[in-house]
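Okay, thanks for coming, everyone. Let me put the structure up and then walk you through a sheet and what surrounds it.

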Amino acid sequence: MDMPPTLDPSCFKRDDHCRSSSPRLNMSPASPSSPASPASPENSPLSGGAAPTSLDSVSDRLAEAARYAVLGRVLPGLRHDVASSMQPVRMLLMVLERRVQNPAPDLAAIIKNVMSLSALTKQAAADCMAVLGWTDSSEDFRVSLRVGVDQAARLLALELSENALALVNGVADDSATAPESFFRSVFIGALLAFCDQHAAGGALEVRFEDAAADSDSGGRLQLQLLPSDAVKSPASPDGVRKPRMIGWADVQAMAISCGVKMAQGDGWLTLDLPRP
């Protein structure tokens, strides 16, 4: 029978060599200048990184959250635009399929359908790319104020209708321009805030005032709610499910990120645009 190995008593001797080569735990508190431990909450992989400390970074986070909320609200309209662009292509494909399966196909008609299908496909692809580009609007690309208001009204037609709001575009054709990102964040967010924060329907009038020559502003865009007893009452908030309500704080955060000065009161909103 094998005997168990015996331990050499010398291995328990704490000489200098053992103390220098053995791993030891450092139980002393860390100094204030020492770097944070990898297990600290600031560096934990579940914390998502260090929290923003400056006011600028907090404002940027609020504006980003507001833009995502606005995007979630306009997604049904964007999805409808994509479906509308693809519907003619689908219908023509069905016609072309029936003609090809005919025992005596009409080659001239098939060629004509193929040419039409090619044109419709190119147009549908361009429309889909425009919808995708909506999520990445360029601040350098400027659009007319009147055109931007019309585009926003068309995109939010269902939202405005559900809240019994009629958008009145009072901006002149020769008005100033604004960045595309302004319309796709601040202005659309303001329209959604009017839909969410006001229970009574009516007319929402949009006007523009030119700035004085010595002013730092590029002009003032005004939104005024004109209640009307003739319109039908808007849908109940409990009956309409929305991904997220848009508040005036959301509009303010996006306006700050775009360099726009905002003022808001009961049934009105002003947006002072920056100079180009």
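So, which strands does helix H4 lie across? Helix H4, residues 145–155, lies across S2, S4 and strand S7 (268–274), and it runs at about 165° to S2. Quick caveat: this is a predicted model, where local features need pLDDT of at least 70, side-chain atom pairs count only at pLDDT 80 or more, and totals for chains, interfaces and linings use all residues. Residues are numbered from 1 along each chain as its sequence is written, and side-chain values use heavy atoms, with hydrogens and water left out.

On terms: helices (H or I, at least four residues) and strands (E, at least two) are DSSP runs, numbered from the N terminus. Angles run from 0 to 180 degrees between N-to-C directions, with axes fitted to C-alpha atoms, for helices over the stretch in contact, and contact means heavy atoms within 4.5 Å.

Helix H6, residues 180–197, lies across S2, S4, strand S5 (217–227) and S7, at about 20° to S5.

Now the sheet itself: it's open, five strands, ordered S2-S4-S5-S7-S6, with mixed pairing. Strand S2 (165–169) and strand S6 (261–265) are the edges; each has a single partner strand, so one side of each has no neighbour in the sheet. Pairing takes at least two DSSP bridges between two strands. S2 and strand S4 (residues 202–209) pair in the parallel sense, over five bridges, and Leu167 has Leu204 in S4 as its bridge partner.

Last stop: Glu159, in helix H5 (residues 157–162). Glu159 is buried, at 12% relative accessible area; buried means under 20%, exposed over 50%, partly exposed in between, using a 1.4 Å probe and protein chains only.
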